[in-house]
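Dear colleague,

Please find the structure below, handed over for your own work.

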Amino acid sequence: MQQWGVDYWETYAPVVNWVSVRLLLAVATIHDLPTGSIDFVLAFPQADLDVPIYMEVPVGMDFHGCGRRETVLKLNKSLYGLCQSSSNWFKMLSKGLDDRGFVPSQVDQCVFFRHDAVILAYVDDCFIIAKKQS
């Protein structure tokens with residue numbers, strides 16, 4: 001069982017405000033801008049852990065002939081079910097968008113702007129509004 005302050009310190013991952021969604025959809029509709037969405041498959045297991053986490057070998061798994069109770073596994077990535085998984089994913093997504101020139105909104109930290117596009121983040125889904133390509 002994970003314990004706050006020992007295994008993790010942060011569990012909060014922001015989600016986009018629905019006012020931002022409605023506003024940006026209205027702008028996209030008025031200006032006839034193309035929109036799209038992304039659902040990141042297996043998003044949480046892609047995020048790195050910020051603290052070392054170990055787990056028992058799952059029931060039914062034989063790990064090189066060692067007993068379940070004598071062996072632990074060190075996780076290299078977040079898993080669904082870890083308290084800090086959504087927070088780790090949002091940090092990774094934010095960094096990836098920052099590396100690509102997106103800047104988070106000062107009003108809604110789940111809205112990212114670039115000169116040619118806007119991305120709204122909602123857990124492991126993103127909604128994209130972009131300028132038309134010539």
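**Contacts and nonpolar cores**

Leaving aside residues up to four places away in sequence, A121 touches V15, V16, F90, L93, C110, F112 and C126, where contact means heavy atoms within 4.5 Å. Please note that this is a predicted model, in which local features need pLDDT of at least 70 and side-chain atom pairs count only at pLDDT 80 or more, while totals for chains, interfaces and linings use all residues. Residues are numbered from 1 along each chain as its sequence is written, and side-chain values use heavy atoms, with hydrogens and water left out.

The largest nonpolar core has 22 residues, of which F112 and A121 touch the most other members. Such a core is a set of buried Ala, Val, Leu, Ile, Met, Phe, Trp, Tyr and Cys residues joined through side-chain atoms within 4.5 Å; buried means under 20% relative accessible area, exposed over 50%, and partly exposed in between (1.4 Å probe, protein chains only). Two or more residues are given to this core by each of helix 1, helix 2 (85–99), strand 5, strand 6 and strand 7. Strand 6 supplies the largest share, five residues. Apart from this core lies another, of five residues, including L49, V51, I53 and L82.

**Helix 1**

Helices (H or I, at least four residues) and strands (E, at least two) are DSSP runs, numbered from the N terminus. The 13 residues of helix 1 (residues 18–30) should span 18 Å at 1.5 Å a residue, and the end C-alpha atoms are 18 Å apart, which agrees; the expected span is 1.5 Å times one less than the number of residues. S20, V21, L24 and A28 are buried in helix 1. Seen down the helix axis, the buried residues of helix 1 fall within an arc of 100°, so they line one face; the arc is that of the directions from the axis to the C-beta atoms. The face turned away from the buried side carries the exposed residues V19, R22, L23, T29 and I30. Strand 1 (35–39), strand 5 (111–114), strand 6 (117–122) and strand 7 (125–130) are among what covers the buried residues of helix 1.

Five strands form an open sheet in the order 1-7-6-5-4, with antiparallel pairing; two strands pair if DSSP finds at least two bridges between them. Strand 1 and strand 4 (103–104) stand at the edges with a single partner strand each, so one side of each is left without a neighbour in the sheet. P104 stands opposite F112 in strand 5.

Yours sincerely
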